[in-house]
Amino acid sequence: MTGTIRTVLGDIAPEALGHAQCHEHIFLEKGPSFLLNPALRMDDYALSLAELKAYKAAGGSAIVDAQPGECGRMPERLVRASRESSVYIITVTGFHKSEFYTAGAFALTAAEDALVARFIAEIEEGVPCKGGPCYAGAVKAAMDEGGINRDSSYRRRFEAAAEAARMTGAPVIIHTEKGADAMEALRFFMDRDIAAQRLIFCHLDRTRYDAAFHVEILSAGAYLCYDSVNRLKYISHAQELALIQAVIAKGYPAQLLLSLDTTNQRLRAYGADMGLDYILCEFKPMLLENGISEEECAMMMTGNAARALSMRAVS
Ligand SMILES: [Zn+2]
């Protein structure tokens, strides 16, 4: 396996990653996201730490905290909680949907060059963090309805994300939305020398429930993160399992990732009826009962993430 994985605390060997969930939220500052949805706030250090410790006790080893800067990322807490829980945390640079920023935010207004410089610095030198460093290990790029060309700000942010990924070798984590064409993002990054194997498409299990479409993305070499596990308002267990079975049957168990995309409504420590350990404790038995093998579970929960999150050598 090539490269290393860049956690908030520094680089680790991919073999050390262990069970990983590639789209989670463990800390989220009160801000514009909270105003849109009160579930989008997890800023109690003790509660989030308890959740990470329970995850570790259940066999969890790593998470991606998928909130970029200026829209709720909490670097000091990520660093401290990673140290105190021994869970590897990967944080992201890049950008989210415009609605998650306050007006005038750097991400919305900065020129492309300035965005590129910011994204690269967050990966190579770390994100601003008291008591840091806190390195970013992936570039997030969020597609809204209307896609990359929705407006000039999105276009600029996508170009900057691609350039930062190209310059650093970091993987790209792509938020998809209903009405946004994942294929457009696949082509966009591939046209800019980012191999499909470096792309992780999130949320397609809820934004476009269509195994044939998923297979098209997978056949290019990209990873799909099914991160709506137990989000029953979006997708039932039967549907999630059917999707996984269908994609595995087409030959792609080595490109699937499983995650929960947690909010405070989906973390036991914050009062919910499930925790970050749900995949390990509840969903894995369902996978096994539904004909998914131990080996395929290990791929989806461990080996695939180790490859997908690796930094590539830059030529
Ligand atoms: Zn998310």
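A salt bridge is a side-chain nitrogen of Lys or Arg within 4 Å of a carboxyl oxygen of Asp or Glu. In this predicted model, the count by that rule comes to 16 salt bridges.

One of them joins the side chains of Glu84 and Arg80, with N to O at 3.3 Å. Glu84 and Arg80 are 4 residues apart in helix H3 (residues 75-85), so about one helical turn separates them. Glu84 has a relative accessible area of 39% and is therefore partly exposed. Arg80, with a relative accessible area of 44%, is partly exposed as well.

A second example is the salt bridge between the side chains of Arg206 and Asp227, at 3.6 Å from N to O. Arg206 belongs to helix H8 (residues 204-207), whereas Asp227 sits in the loop between strand S9 (223-226) and helix H10 (237-249), so this pair ties together parts that are 21 residues apart in sequence. Both Arg206 and Asp227 are buried. They also take part in a network of salt bridges that links Arg206, Asp227, Arg231 and Asp261. Arg208 forms a salt bridge with Asp210, and there the closest N and O atoms are 3.6 Å apart. Arg208 counts as partly exposed because its relative accessibility is 36%; Asp210, at 24%, also counts as partly exposed.

Asp261, a member of the network, is also a donor to the zinc ion. The protein donors are the NE2 atoms of His23 and His25 together with OD of Asp261, at 2.0 to 2.3 Å from the zinc ion. Along the chain, the donors follow the spacing H-x1-H-x235-D. His23 and His25 are both buried.

H5 provides the largest share, 5 residues. The lining of the second largest pocket divides into 9 nonpolar, 5 polar and 6 charged residues.

The backbone is the last topic. Most residues other than glycine have a negative phi, and most peptide bonds are trans. The peptide bond from Gly132 to Pro133 is cis, with omega near 5°, and Pro133 lies in the loop between H5 and strand S6 (136-142). Ser86 is a residue other than glycine with a positive phi, near 60°. It is found in the loop between H3 and S5 and is partly exposed, with a relative accessible area of 44%. His203 has a positive phi too, near 70°, and its place is in the loop between strand S8 (199-202) and H8. Is His203 buried or exposed? Its relative accessible area is 1%, so His203 is buried.

Key
Residues are numbered from 1 along each chain as its sequence is written. This is a predicted model: local features need pLDDT of at least 70, side-chain atom pairs count only at pLDDT 80 or more; totals for chains, interfaces and linings use all residues. Side-chain values use heavy atoms; hydrogens and water are left out. Donors are N, O and S atoms within 2.8 Å of the metal (3.2 Å for Na, K and Ca); water is not among the atoms, so sites may look incomplete. Buried means under 20% relative accessible area, exposed over 50%, partly exposed in between (1.4 Å probe, protein chains only). Helices (H or I, at least four residues) and strands (E, at least two) are DSSP runs, numbered from the N terminus. Ala, Val, Leu, Ile, Met, Phe, Trp, Tyr, Cys and Pro count as nonpolar, Asp, Glu, Lys and Arg as charged, and the others, Gly among them, as polar.
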